[in-house]
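Biologist: I have a model open and some questions about it. Can you walk me through them?

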Amino acid sequence: MGKALTVFEKIWNKHVVKEEEGKPALLYIDQHLIHEVTSPQAFEGLRLNGRKVRRPDLTFATMDHNVPTINRENIKDEISKKQMEALKKNCADFGVKLADMYHPDQGIVHVIGPQLGLTQPGKTIVCGDSHTSTHGAFGALAFGIGTSEVEHVLATQTIWQDKPKTLNVKVDGELGLGVTAKDLILAIIAKFGVRFGTGYVMEYTGDAIRKLTMEERMTICNMSIEAGARAGLISPDETTVEFLRGREMVPKGEAFDALAEEWLALATDEGAEYDHTVTIYADEIEPQVTWGTNPGMGVPVSASTPTIKEAEHPEEVERALSYMGLKENQPITSIEIDHVFIGSCTNSRLSDLKRASKIVEGKKVKEGVKAIVVPGSFLVKQQAEEIGLDKIFIDAGFEWRNSGCSMCLGMNDDIVPSGGRCASTSNRNFEGRQGNGARTHLVSPEMAAAAAIEGHFVDVRQYAGVPS
Amino acid sequence: MEPFKQHKGIAAPLNRSNVDTDQIIPKQFLKRIERTGFGEFVFLHWRFDDNGNLRDDFVLNQPKYENATVLLAGDNFGCGSSREHAPWALEDFGFKVIIAPDFADIFYNNSLKNGILLIKMNEEQVQQWMKKAEQGLTLDINLEKQEITDADGNVVSFDIPAYHKEKLLNGWDDIALTLLEEDKIRAFEEKRA
Ligand code: SF4
């Protein structure tokens, strides 16, 4: 037997087109996902140089970032409209398949890739969006790229990459009742910081990870970028195989079984070495709430905002608290919110919506709170409606929208007003992310749902309806 | 891409760590389908108040930095979204060189692709320059020699991966370079088919 390898090394080795000592390697890309915001300048570049898309068959486009979640037929924003029309024209001109606003496959790019089965173990996947790390949940090497790189992949189906180092994030134990994958990843980033992953591909290992469903694994890998990592990965296992079985873009029958065997063989070998390992215990994790302006500024719901002078970087904490309109040592449960957003590529899949619906069922959103649910894709929306989730949310006073990125980044009309405070299931709480002057607290779907009902944060574990 | 060999310019300090790309260029400007014209929106909400007036509490608004072309930044500069609109905006605003203790990965790549020189420099040195920049600091950056010289003639050397340096010095277009590897790409595809 050869050297024990990590899943990352196995995928890397299979995709090197050219490699020279001391230089980046040229990697082949199996799947290129495209959306309206980071692609127009790339297609323009191709046109200017008379280049084609090398492999339209390995390229798939959708519209997600600035599609309206209501009144799609009547886009008022001329520039948004122009951008979406540009994507339509570019896809038509270059022969790229597009799931546009009205297509049944439309959705947030990181929701539809797995949903269609385009995302598969062992693939190299890129997209002009940093949360491409989501697809790593399947044991694919997936990372975000900039527009110049989008153009490069369109033209050559390859990318130059420095070989990242490997970081093993080992999660022992088991998550407690009411504690979710979102809380786990927020706790990891709070503990190790927003840049501990820089230069690394992070692989999540350990008992707690193995017990997670695919949708939970996607939530974890999604936020790897918030720790600075190039990509997040989880070794494929039976859970991965079962999730993909029968999906539109995966082979059927015997071909599937053969493929599944290849996938399972990609898992990290016993005894493989990492450049660095950190360990965290799932049992110790509580539901998390971020209080500041980066995803690492988070604490358990039972805690309070930090004390400025005890912080490692007091000025940063002070600036963040001031932006957030919070005091030091303020109990998290005393923070009142006026907006709730359940959605985004982190937490907008069917299981996320189901769990949130259990919390709100039969209750009412607190007066003065505007709460919206934005399913991650057209299909998620449809499936949710089939089991009556829309009704539960609407009865409770939530708005039930069409799929897209929506209030995660507020490029369409879904924004939090200046000074507004939002409990959000998305992944970034940067200044102004959800709207100029908006204050974002990142939480799980359960925590967001409970906050909508109570008007402030509550420990969802003491809350009726916590799904088991 | 224009070759980058040497640059001399006024340095401006932005002493904050984890400056993310949402701060560098807010999302409402990501709807444009051009590569140019983003400069006037750089750090929008830090530069302007809600009424569109320049805020006097933001360092880059001080008149002495008006013509700055070298940005001294904090750790983990450019984290967050992969939007290349961030380096487009910084470049359009006039920055040619950014010096920081560390940069986020995607931002680093995106900037180099647009001919902006990013220099990783130890925190102590960056802090020292930031202090000096308050009194006025001009830095002369020589990529060929990998040296930065201040007005007093102090010289500090910096590291940069050889292939990045080569590309910047020559102003090479990445895609054109890769297309020279066409045989290898085709061979790879055939082997897998
Ligand atoms: S949901 Fe948010 S984070 Fe995810 S792709 Fe859309 S804008 Fe990016």
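Biologist: How much area do chain A and chain B bury between them?
Modeller: This is a predicted model, so the values are computed from it. The size of an interface is often given as the accessible area lost when the parts come together. Of the area buried here, 50% is on carbon and sulfur atoms. For chain A and chain B, the buried area is about 4,700 Å².

Biologist: Which residues in chain A lose the most area to chain B?
Modeller: Chain A brings 63 residues to the contact, and chain B brings 51 residues. Three residues of chain A together make up 13% of what that side buries. They are A:Q41, A:R54 and A:R195.

Biologist: How many salt bridges are there between chain A and chain B?
Modeller: Side chains of opposite charge can pair when their charged atoms come close. One example joins A:E151 and B:R35, at 3.1 Å from N to O. Over all chains the count is 45 salt bridges. Between chain A and chain B it is 12.

Biologist: Which helix holds both A:R47 and A:E44?
Modeller: Their side chains meet in a salt bridge, 3.5 Å from N to O. The two residues are three apart, about one turn of the helix. That helix, in chain A, spans residues 40-49 and is α2.

Technical notes. Residues numbered from 1 in each chain as written. Chains lettered and ligands numbered in written order. Predicted model: local features only at pLDDT ≥ 70, side-chain atom pairs only at ≥ 80, totals over all residues. Heavy atoms only, no water. Contact = heavy atoms within 4.5 Å. Buried area = accessible area lost by both parts, 1.4 Å probe. Salt bridge = Lys/Arg side-chain N within 4 Å of Asp/Glu carboxyl O. Helix = DSSP H or I, 4+ residues; strand = E, 2+ residues; numbered from the N terminus.
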